[in-house]
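Biologist: I would like to go through this model with you, one part at a time. Shall we begin once it is on the screen?

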Amino acid sequence: MSAEADTGVRELIEALYRSDSRRVLATLIRLLGGFDAAEEAMHDAFTAALDSWPSDGVPENPRAWLISAGRFKAIDRLRRGARFDAALAAAAERLEASAPPVSDFTDDTLEDDRLRLIFTCCHPALSADARIALTLREVCGLGTEQIAHAFLIPAPTLAQRIVRAKGKIRDAQIPYQVPSRAELPERLEAVLHVLYLVFNEGYSASSGETVVRHDLSAEAIRLGRLLVELLPEPEAIGLLALMLLHDARRPARTSLAGELILLDEQDRSLWNREQIHEGLALVEQALASRRFGPYTLQAAIAAVHAEASTAAATDWRQIVGLYDVLLRVEASPVVALNRAAALAMRDGPEIGLALVDAILARGELADYHLAHSARADLCRRLGRPQEAIAAYERSLALTTQAPERRFIERRLAELRADLGNPRN
Amino acid sequence: MKYLCLIYDDESRRGTMPKEQLDKMMGEYGAFTEGIRKSGQYIGGEALQPSQTATTVRVRQGKISTTDGPFAETKEQLGGFYLINATDLNEAIQVASRIPSARSGSIEVRPIRVFDAQ
């Protein structure tokens, strides 16, 4: 074959790697029974493609060819190792005997395998940290360095986490399966939780200089789309909607200087209208199912904000109503706090403050900086600057994130300046 | 694959439980054990006497030392165990979740180590 044709084939294989390597990996994990074997096999398969496709031509079903090649390469590896370890010979025999026909590698099988992979990586028997690391590595194909950097932890720590997670899967025999209908609600919750954590980590870094880390949010959304495609459950749809609607506001959330801009001050013309449109449609879909849960409700709240052309036009009545439902479904103090803030917008800061104080009095959010910020803001609106200052100072002591700190310090400076100039 | 299900629960609750509740629990345990015997998942299992009857043995530098009480003072104490056969962790979790004490305490599910035949 000519040099140009060769290049063309190589480019095709590279494109195939980018678009399909995770799919191929998922099936190989099932066939070979382990992550590491599958990863080696997958790389061997792509290498084999680079070797033979230029001369033999691109096969009709490239994915099936790659899976088959990967399997054979794995058997070869086992045979070579069998010279030193008899157990590997037996493994090679078993693998050969279980040969599925190539026609089995339909798109449906591949999608099932991807779902299996997601559910395995997100198994509740693994810690949340392990699930996140494993999912980003095996399902999303991110590199160890990339993941470590995104979460601000050293790469060897992250690598160890992944090794231990794979070890747990192997040693405790976590099966490579899509959960049964009965198990699905709890298991899906585990998957959605991972997505939510990844998105949040990208949406507002837990510490450090920048407020938003884009890559992780985009990854979470991509994974959310895949999940909805494979398993269109209402809460999966709801979570995707929530992520899209939040992410749509990203361009307006920070100033050019990296300063935090709150929702009521954001330039709404910067919001991503396409994403909002998509998010709104998904919320409708999820709500229509009548089997929705907390993610869908949070998305519905985000939708109300997204539909308001200005902050003043926000339908707080609807938001409070949605928070009432959310609180019944998920009685967490953070939800109660957010509801109090919404209630303050609908009924006035005095009522909101009473609620926030009740929550703080219960001791649940004593170390949550946003609770104290909320209190501070309400006191400020009620013309009680000293209390506002005290609450902002409390909040400042509890957050390490630089843009958030700068925001609070600005508010403190404003309040102190006001006190310094007594009103008539 | 074999798994050990270690049953942890707050012993002091037993002391304060009315007789009918205790009897009910015993009945539930009986039914559960019968169930996993029938399914072939049961290999073994026992209830343990309370943790104050425990003795902890250590040998250091050839010397035996015994101390009164369990290995560690914990909020929930080891009260019993089941050794079960299960295809995978999911099945083991399903079995463990039906152990009556799972509702009030915690069940630790630990895979049994398999040593390769030499």
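Biologist: In chain B, what percentage of the contacts with a separation of 6 or more comes from residues 24 or more positions apart?

Modeller: Please keep in mind that this is a predicted model. In chain B, 74% of the contacts with a separation of 6 or more are between residues 24 or more positions apart.

Biologist: How many helices and strands are there in chain B?

Modeller: Chain B has three helices and six strands. Their order along the sequence is β-α-α-β-β-β-β-α-β. The C-alpha trace of chain B spans about 50 × 45 × 20 Å along its principal axes.

Biologist: And what share of the residues in chain B is buried?

Modeller: Of the 118 residues in chain B, 14% are buried.

Biologist: Which strands make up the open sheet in chain B, and in what order?

Modeller: The open sheet of chain B has four strands in the order S2-S5-S1-S6, with antiparallel pairing. Strand S2 (42-47) and strand S6 (106-111) of chain B are the edges, each pairing on one side only. From one strand to the next, the twist averages 20°.

Biologist: How many bridges link S1(B) to S6(B)?

Modeller: Strand S1 (residues 2-9) of chain B pairs with S6(B) over six bridges, in the antiparallel sense. As one example, B:Leu4 has B:Arg110 in S6(B) as its bridge partner.

Biologist: Which strands does helix H3 of chain B lie across?

Modeller: Helix H3 (residues 89-97) of chain B lies across S1, strand S5 (77-85) and S6 of chain B. Relative to S6(B), helix H3 of chain B runs at about 150°.

Biologist: Turning to S3(B), is that strand largely buried or in the open?

Modeller: Strand S3 (residues 55-60) of chain B lies largely in the open, because the number buried among its six residues is zero.

Biologist: What does S3(B) pair with?

Modeller: S3(B) pairs with strand S4 (residues 63-68) of chain B in the antiparallel sense, over six bridges. S3(B) and S4(B) form a hairpin with two residues between them. In the turn, B:Gln61 has a positive phi of about 50°.

Biologist: Now for chain A: how is it divided into domains?

Modeller: Chain A has domain 1 (3-105) and domain 2 (332-424). The centres of domain 1 and domain 2 of chain A, taken over C-alpha atoms, are 58 Å apart.

Biologist: Where does A:Ser332 lie?

Modeller: A:Ser332 is in the loop between helix H15 (316-329) and helix H16 (333-347) of chain A. It counts as partly exposed because it has 13 C-beta neighbours inside 10 Å. A:Ser332 is 32 residues from A:Glu364 in sequence, and their C-alpha atoms are 9.4 Å apart.

Biologist: Finally, at what angle do the axes of H9 and H11 of chain A cross?

Modeller: The axes of helix H9 (residues 184-203) and helix H11 (residues 234-248) of chain A cross at roughly 5° and come within 10 Å. H9(A) and H11(A) are therefore roughly parallel to each other. By class, their contact has nine nonpolar, one polar and one charged residues.

Biologist: Which residues of H9(A) and H11(A) meet?

Modeller: From H9(A), the residues are A:Leu188, A:Leu192, A:Leu195, A:Tyr196, A:Phe199 and A:Tyr203. They meet A:Glu235, A:Ala236, A:Leu239, A:Met243 and A:His246 in H11(A).

Note on methods: Residues are numbered from 1 along each chain as its sequence is written. Chains are lettered from A and ligands numbered from 1 in the order in which they are written. This is a predicted model: local features need pLDDT of at least 70, side-chain atom pairs count only at pLDDT 80 or more; totals for chains, interfaces and linings use all residues. Axes are lines fitted to C-alpha atoms, for helices over the stretch in contact, and angles run from 0 to 180 degrees between N-to-C directions. Angles under 35 degrees count as roughly parallel, over 145 as roughly antiparallel, 65 to 115 as roughly perpendicular and the rest as oblique. Two residues are in contact if their C-beta atoms, placed from the backbone, lie within 7 Å. Ala, Val, Leu, Ile, Met, Phe, Trp, Tyr, Cys and Pro count as nonpolar, Asp, Glu, Lys and Arg as charged, and the others, Gly among them, as polar. A residue is buried if 20 or more other C-beta atoms lie within 10 Å of its own, exposed if 12 or fewer, and partly exposed in between; C-beta atoms are placed from the backbone. Two strands pair if DSSP finds at least two bridges between them. Domain bounds come from an automatic or database domain assignment.
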